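Here is a short walk through one model, feature by feature. Keep the structure open while you read.

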Amino acid sequence: MYSKILILHFPPVIARKAIVCSLTKQFDLIFNILGAHISHRKEGHMVLELSGIKPNFKKGVQFLKDQGVSISYPDQAIYKDSEKCTHCGACTAVCPTGALSIRRPEMEVEFDNELCSVCELCILTCPTKAMGLFAKNIEDLVV
């Protein structure tokens with residue numbers, strides 16, 4: 001499952017249309033609305049976690065762009081500090097995308113940045129503060 005957080009910007013002409021629902025119906029994608037707002041000028045803004053298989057994800061993002069939605073990506077990323085990590089596995093229990101997992105039989109926590117949706121649950125859960133957030137170059141996030 002591929003998952004990323006997108007920041008959508010809807011112009012006034014389409015701000016009240018149910019375009020995001022089409023992502024499920026037409027592209028078999030799952031979306032989780034993390035935040036949404038329509039300004040006094042009727043422009044819409046939405047932060048969305050979008051999940052599905054990568055080819056459908058790309059088609060869904062292209063569909064949004066074709067509808068007139070501007071898309072940007074968070075300028076942050078999660079990192080794992082291997083020296084602080086005690087491999088307790090607490091982060092793996094809360095990771096919704098499987099970016100954090102336990103390698104067996106070594107019982108070591110592995111982090112796959114490609115699967116990370118930057119939900120930050122691992123940061124809140126990690127007892128040793130081995131998981132953190134850093135700013136990254138926006139060009140690195142282009143689908």
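## Salt bridges around one arginine

Glu-110 is partly exposed, because its relative accessible area is 32%. In this predicted model, the side chain of Glu-110 meets that of Arg-103 in a salt bridge, 2.6 Å from N to O. Arg-103 also pairs up with Glu-108, where the closest N and O atoms are 2.2 Å apart. Then there's Glu-106, whose side chain forms a salt bridge with Arg-103 at 3.4 Å, N to O. That makes three salt bridges in the structure, and Arg-103, Glu-106, Glu-108 and Glu-110 are linked in a network.

How buried or exposed are the other members of this network? Arg-103 has a relative accessible area of 31%, so it is partly exposed. Glu-106, at 42%, is partly exposed, and Glu-108 gets that label at 30% relative accessibility.

## A cis proline

Now look at the peptide bond from Arg-104 to Pro-105: it's cis, with omega near 5°. Pro-105 sits in the loop between β6 (100-103) and β7 (108-111). For context, most peptide bonds are trans.

## Two positive phi values

Most residues other than glycine have a negative phi. Which way do His-87 and Lys-129 go? His-87 has a positive phi, near 60°, and Lys-129 has a positive phi of about 60° although it isn't a glycine.

Both belong to loops: His-87 to the one between β5 and α3 (90-94), Lys-129 to the one between α4 (121-125) and β8. On accessibility, His-87 has a relative accessible area of 28%, so it counts as partly exposed. Lys-129 comes in at 52%, and the cut-off for exposed is over 50%, so Lys-129 is exposed.

## Aromatic pairs

The structure holds three aromatic pairs. One of them joins Tyr-2 and Phe-57 edge-to-face, with 4.8 Å centre to centre and 80° between the planes. This pair ties together distant parts of the chain, since Tyr-2 is in strand β1 (residues 2-10) and Phe-57 is in helix α2 (residues 54-66), 55 residues apart. Tyr-2 and Phe-57 are both buried.

Tyr-79 and Phe-134 make a tilted pair, with 6.0 Å between centres and 45° between planes. Here too the pair links distant parts of the chain: Tyr-79 belongs to strand β5 (residues 76-80), Phe-134 to strand β8 (residues 131-135), and 55 residues separate them. Phe-134 is partly exposed, at 37%.

The largest nonpolar core has 21 residues, and the ones that touch the most other members are Leu-6, Leu-8, Phe-10, Leu-23, Leu-64 and Ile-71. Where do the members come from? β1, α1 (22-27), β3 (44-52) and α2 each supply at least two residues of this core.

Skipping its neighbours within four places in sequence, Ile-71 is in contact with Leu-6, Ile-7, Leu-8, Val-61, Leu-64 and Lys-65. There's also a second, separate core of 15 residues, with Ile-78, Cys-91, Ala-99 and Val-118 among them.

Notes. Residues numbered from 1 in each chain as written. Predicted model: local features only at pLDDT ≥ 70, side-chain atom pairs only at ≥ 80, totals over all residues. Heavy atoms only, no water. Phe/Tyr/Trp six-rings, centres within 6.5 Å; stacked < 30°, edge-to-face > 60°. Helix = DSSP H or I, 4+ residues; strand = E, 2+ residues; numbered from the N terminus. Buried < 20%, exposed > 50% of the residue type's maximum accessible area, 1.4 Å probe, protein only. Core = buried A, V, L, I, M, F, W, Y, C linked by side-chain atoms within 4.5 Å. Contact = heavy atoms within 4.5 Å. Salt bridge = Lys/Arg side-chain N within 4 Å of Asp/Glu carboxyl O.
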